[in-house]
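Here are some notes to read beside the structure. Please keep the view open as you go through the points.

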Amino acid sequence: MKAFYPPIYRGIIHPLFHNLKRDGFMPVERQVLAMDALDAAGLAQMQREKFARMLRDARAQSPYYREVIDAGAADAALAGAQPHELGLPLLTKRIIRERLDDLVAEGIDPSRLLRNSTSGSNGEPIRFFTDLHATLWRRSVDIRNRHWLGVPLGEPVAQIWRSQIGSRRSSSIRGRLHSLVNRKCILDANDLSEARMAEYVATLRAFEPLMLVGYPNALVRFGAWCDAEGQSIPSLKVIVTSAETLYEDQRLRIQDTLRAPVFDRYGCREVGCIAHERPGAEGLVINADRVLIELLDERGRPVPEGDLGSIYVTDLDSYAMPLIRYAIGDLAVAAPPAEGQAYPAFARVEGRSLDVVRSPDGRALTS
C-alpha cells in the first residue's frame with residue numbers, strides 16, 4: 001500500500017482537496033513547477049515582470065510605498081533597472097514596527113490577512129502579515145524544492161523540529177489526521193534525551209521517511225547517538241538542514257552517521273524558503289521566481305562579485321503587506337553564474353550583520 005499511496009495522493013487526494021477548497025493552489029503549483037523549464041534569460045524576465053507588478057501594486061495600495069516609490073519605478077524595473085537604481089529605500093525591522101499599518105494594503109479584507117511574527121532571535125521581533133496569494137506561492141516553491149531532491153508530494157517526510165505551534169497542531173486530532181494524509185511525522189527537537197532518541201528511531205523505522213528535515217545541531221546529536229548505538233534509518237534518501245547555519249564539519253558528521261546526503265535550506269519566517277541546495281548545482285540555489293535578492297554593503301551599494309554582502313530580499317508575491325528591499329540581517333556571497341543553471345545562487349550564507357567586523361580596507365569579516 002505504501003508504494004501505491006504517493007501517486008494516489010498526487011493524482012487524486014491533493015488536487016481534490018484544493019479544488020474543493022477553491023483556493024487556487026493547483027494553477028500556482030503547476031506554474032511554479034514549470035519554472036524549471038526556463039533558461040536564465042526567461043527566468044530573469046519573469047522576475048522583472050513580477051517585480052514591476054509588485055512596485056505598481058504597492059504604490060497604488062500601500063500608504064507607505066505611495067510615499068517612497070516614484071511613479072515611473074515599475075516601468076523602469078520592467079525595462080531592466082535594478083532596485084538600487086530606482087531610488088527605493090531599504091526596509092528595516094524598525095520601519096516595519098513603526099509603520100506597520102501603513103505597509104498593509106488599503107481596502108484589503110481583514111479576513112484575507114494572515115498574522116505572523118518573528119521569534120526575535122536576533123533581538124528584533126516583528127509582527128507582519130501575509131495573504132493567501134503569498135502562501136500559495138510559498139507552498140508551491142516548497143513542493144518544487146522537494147522535487148529537486150527526488151521527494152515529491154505523497155512521499156513520507158519526517159522533521160526534528162522545535163516549533164511549539166507546530167507541535168501543538170501535530171498532536172491535535174486534526175493535526176494527526178493531516179499528518180497521516182500528508183505522510184508527515186514531526187518529532188520534538190526540544191527533547192533529545194537518550195530515551196527519547198530511542199523512541200524516535202523506532203518511530204522513524206516504522207514510518208520509513210525518504211526525507212528527514214531538522215536543525216543542524218539536533219541532527220548532529222541524533223546522528224551521533226544512532227552511530228554509537230548501531231542504529232540507522234534505512235529508508236532515508238536525503239536530509240535537509242534548516243533554521244541554523246550548517247557548517248561543513250556538521251554536514252560531514254550528519255552524512256556519516258545517518259548515511260544520507262545533506263542539503264541545506266535557507267529562508268526566514270517573513271518570506272519562506274529563499275534558497276535551497278539541489279543535486280548537481282553549485283551553492284544554495286535561489287528561488288528567483290519567489291524573491292529578488294540584493295547583496296549590499298553598509299552604504300546600500302551592491303557589493304563587488306565574490307564579496308560578502310548583507311542580504312536584502314523583495315518578496316515578489318506578498319501583496320497584502322509588501323516587503324521590498326527588506327533587510328533580513330544575514331550575510332552572503334553570490335555564486336558566479338554556472339553553465340546550465342538558470343537560477344542564481346549563493347556561494348555561501350554566513351553570520352549575521354551584527355557579527356561582522358570590517359577590515360581596514362572595508363572588507364567584511366566573520367568568524
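1. Start with Leu55. Setting aside neighbours within four places in sequence, Leu55 is in contact with Ile69, Ala73, Ala74, Ala77, Leu86, Leu88 and Ile324. Please bear in mind that this is a predicted model.

2. A second, separate core has 36 residues. Val151, Met197, Met211 and Phe222 are among them.

3. Back to Leu55. The largest nonpolar core has 48 residues, and Leu55 and Phe346 touch the most other members. Helix α3, residues 40-61, gives the largest share of this core, 5 residues. Nonpolar side chains tend to be buried together in soluble globular proteins.

4. Now turn to helix α10, residues 194-207. The helix has 14 residues. From first C-alpha to last, α10 reaches 20 Å, close to the 20 Å expected at 1.5 Å a residue.

5. Which residues of α10 are buried? They are Met197, Tyr200, Val201, Leu204 and Phe207. Seen down the axis of α10, the buried residues fall within an arc of 135°, so they line one face of the helix. Met197 is also one of the residues in the second core.

6. What covers that buried side? The cover over the buried residues of α10 includes β3 (157-161), β4 (184-188) and α11 (216-229).

7. Look at the other side of the helix too. The face of α10 turned away from its buried side carries Ala195 and Ala206, which are exposed.

8. Last, check the end of the helix.

Key. Residues are numbered from 1 along each chain as its sequence is written. This is a predicted model: local features need pLDDT of at least 70, side-chain atom pairs count only at pLDDT 80 or more; totals for chains, interfaces and linings use all residues. Side-chain values use heavy atoms; hydrogens and water are left out. Helices (H or I, at least four residues) and strands (E, at least two) are DSSP runs, numbered from the N terminus. The expected span of a helix is 1.5 Å times one less than its number of residues. Buried means under 20% relative accessible area, exposed over 50%, partly exposed in between (1.4 Å probe, protein chains only). The arc is that of the directions from the helix axis to the C-beta atoms. Contact means heavy atoms within 4.5 Å. A nonpolar core is a set of buried Ala, Val, Leu, Ile, Met, Phe, Trp, Tyr and Cys residues joined through side-chain atoms within 4.5 Å.
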